[in-house]
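Me: I would like to learn how to read backbone, helix, domain and interface features in a model of this kind. Could we take them one at a time?

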Amino acid sequence: MKMKEVRVVIVGFGVIGRGVLQTLREKQGFIRGKHGVNIKVSAICEIDGSVISNEGLDLDKVLDKPLNKNKFWTDKKTRDVIINTQSDIVVELTPGNIKTGEPGLSHILTAISAKKHVATSNKAPFAVAYKRIMDSARKNKVSVRFEATVGGAIPIMNLMDECLSVNKVESAYGILNGTTNYVLSQMSDEGVELDSAVKEAQQLGYAEPDPSYDIDGVDSAAKVVILANALLGMDVSYEDMKVTGIREITPEAIDLAKKHGFTVKLVGDVLRLEVSPRLVSVDHPLNVSGSLNALMLNTDVAGDVTIVGRGAGSRETSSSIIADIVTISKEL
Amino acid sequence: MKVDLELGLRDVPGSLISALSPISDLGGNIQSVVHQRGAGGLVGVKVVFKIMDLESLEVISNALVKKKIHVQKIQVDGRKYYTKRTLSFLFIGHVIDTDIRDTIDKINEVGLVSDIIVNMSDPEAKSAVIMLVEFDDRKYKKIMTVINSISREKDLTVVESIE
C-alpha cells in the first residue's frame with residue numbers, strides 16, 4: 001500500500017484537543033497499516049500562540065508539557081497559522097459561542113478560503129451558519145466534516161453517507177445530551193431532586209460548573225440544528241429552534257411516569273425543530289440510561305434505525321474526529 | 001354515502017342507544033349494528049349507515065366525542081375518514097388548583113381525556129398528572145394548540161409522549 005502523508009493543523013488545545021492527540025499517538029501505526037495514511041501534526045494553535053513544525057511535531061513532547069514550553073512555541077496567531085502553515089486539513093476544536101459561532105466560525109471560514117479541508121467537533125459555527133460554511137466549502141472545493149459535533153462517538157453523518165446512502169431521512173429524534181440523560185436517569189433511579197442529580201453529575205465530570213447549557217437544552221438544540229441541515233436538507237439556524245429544558249421536571253413527575261410505563265427524557269426532535277422533555281415508553285429504543293446518547297432515524301428504505309453510544313468524553317469524541325481526518329485524507 | 005363506524009362502548013345499559021341517537025338525529029339510515037364484547041370492559045360496535053353528506057358526518061362525529069364515546073375508526077365509501085390517535089401528556093405544576101375540570105373540558109372540545117392519573121405528594125407542592133388523550137389524527141395540531149395554551153395560561157409544564 002502506498003503511504004499518503006497528510007499534514008494537519010490543530011486549532012484549540014483543551015480537553016478535546018488533547019484527547020485527539022492522545023488517540024492519534026496511540027493509533028498512528030494502526031491508521032498507517034489499515035488506511036495507508038500517515039498523519040503529521042504540523043501546528044497546534046492556542047489563544048496566546050502556537051507550536052509549529054513543518055516536519056511534524058513530536059506528539060510525546062507536545063502532550064507531556066505545557067504547550068508554551070515546547071521549543072517550537074511562537075506567538076503567531078491562529079489565523080496566520082491556518083493560512084501560512086503547510087497543511088492539508090485544519091482540525092477546529094475550540095469551544096464555541098452558540099450565539100455568534102465564534103471563534104470557530106472565523107477559523108473554519110479562514111481555512112476554507114485558504115483551500116484547507118476542515119474536520120471539527122465544534123457545534124456552534126454550524127448551529128449559526130451551516131449554509132454559509134457549506135456553500136463556501138463547495139465554492140473552494142474543499143471537504144468540511146463535522147461528525148463529532150453531534151453524538152460524540154456515534155456515527156451519524158458517516159452512517160448516512162455510506163451505509164444508508166440510498167435513504168432519505170424522513171424524521172429523526174433522540175437523546176443528544178449525555179449530561180441531562182444522566183441527571184434524569186439519576187432522578188428516576190434514586191428519586192433525587194434535579195439539583196442533587198446535577199451536583200453528582202458535576203462531581204463525576206459529566207456536567208460543567210455552569211450546567212445551564214445542558215440543562216436548558218441549548219446544547220441539544222445546537223445539535224438538532226446541525227441534523228436538520230445535514231440530514232433533512234433544511235436551511236435553519238439556532239434561532240429557529242423551540243427549546244425547553246428539564247428544570248421544571250420533578251422527582252414526583254418522574255415517579256408517576258415510571259409507575260405507568262414511561263420515563264422522562266430530554267428529546268431533540270429534528271422535524272419539529274424542538275428540544276423538550278418527552279415521555280418515552282420504557283420499552284422504546286430511546287430509553288437508554290446514564291450518560292448515553294441515542295438517535296432514531298426514520299428512513300424511507302431501511303425504516304427505523306436507532307444508534308446508541310457515548311455522546312461525550314475526549315477519547316470517545318476523538319474517534320469521530322480522527323475518522324473524519326482519515327476520510328478526508330483518502331480523498332486527497 | 002355509506003359510512004362504516006367502529007366504536008368502543010362502555011358495557012352499561014343505554015350506551016348503544018346513546019351512541020346511535022346522533023346518527024338517527026342527523027337523518028342517517030342505519031343498515032346494520034354488530035357488536036362484540038372485547039377486553040377492558042369496552043364493547044366493540046360496528047355500525048353501517050347511509051348519510052347525505054360529510055358535514056352531517058362531522059356533526060355526528062363531534063356529538064359522539066362530546067358523549068365520551070370512543071370512536072375508533074370511520075370509513076366513508078370504503079375510505080379512511082377518521083383514525084384515532086392516543087397520546088399521554090404529563091402535566092407538572094399546580095394542576096389541580098388551576099381548575100383541572102376546566103383543563104379537561106378544554107381538551108375535550110377537540111379530543112377526549114380518557115384517563116387521568118394524579119400524583120400529589122403535598123397539597124402545597126406542585127402536582128403531576130398524566131392524561132391520556134384520544135383524538136382524530138387530523139386534529140393533532142389543534143390538540144397541541146389547546147394544550148400549549150393551557151400550559152401558558154396556567155403555568156404548567158407539559159411533557160408529551162413519543163409514540
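Me: Where does Lys68(B) lie?
Reply: Lys68(B) lies in the loop between helix H2 (54-66) and strand S4 (70-76) of chain B, where helices (H or I, at least four residues) and strands (E, at least two) are DSSP runs, numbered from the N terminus. This is a predicted model, in which local features need pLDDT of at least 70 and side-chain atom pairs count only at pLDDT 80 or more, while totals for chains, interfaces and linings use all residues. Residues are numbered from 1 along each chain as its sequence is written, and chains are lettered from A and ligands numbered from 1 in the order in which they are written.

Me: What is the phi of Lys68(B), and why does Lys68(B) count as partly exposed?
Reply: Most residues other than glycine have a negative phi, and most peptide bonds are trans. Lys68(B) has a phi near 60°, a positive value in a residue other than glycine. A residue is buried if 20 or more other C-beta atoms lie within 10 Å of its own, exposed if 12 or fewer, and partly exposed in between, with C-beta atoms placed from the backbone; Lys68(B) counts as partly exposed because it has 13 C-beta neighbours inside 10 Å. Asp99(B), which is not a glycine either, has a positive phi of about 65°, and is found in the loop between strand S5 (79-93) and helix H3 (100-108) of chain B. Asp99(B) is partly exposed, with 13 other C-beta atoms within 10 Å.

Me: Which peptide bond is cis, with omega near 5°?
Reply: That bond runs from Glu102(A) to Pro103(A), and Pro103(A) has its place in the loop between S5 and helix H4 (104-113) of chain A.

Me: How many residues does helix H12 of chain A have, and what should they span?
Reply: The expected span of a helix is 1.5 Å times one less than its number of residues. Helix H12 (residues 314-331) of chain A has 18 residues and should therefore span 26 Å, which agrees with the 26 Å between its end C-alpha atoms. Its buried residues include Ile321(A), Ile322(A), Ile325(A) and Ile328(A), and the elements against which the buried residues of H12(A) pack include helix H1 (15-35) and strand S2 (37-46) of chain A.

Me: How is chain A divided into domains?
Reply: Domain bounds come from an automatic or database domain assignment. Chain A is divided into domain 1 (4-152 + 314-331) and domain 2 (169-310), and 28 Å separate the centres of these two domains, taken over C-alpha atoms. Their contact, for which two residues must have C-beta atoms, placed from the backbone, within 7 Å, takes 14 residues from domain 1 of chain A and 15 residues from domain 2 of chain A. Helix H5 (residues 123-139) of chain A gives the most to the side of domain 1 that touches domain 2, with seven residues.

Me: How many residues does each chain give to the contact between chain A and chain B?
Reply: The contact takes 17 residues from chain A and 14 residues from chain B. On the side of chain A that touches chain B, H11(A) gives the most, with five residues. Strands count as paired if DSSP finds at least two bridges between them; here two bridges join S11(A) to strand S8 (residues 157-161) of chain B, and the strands run parallel. The bridge partner of Arg278(A) in S8(B) is Glu160(B).
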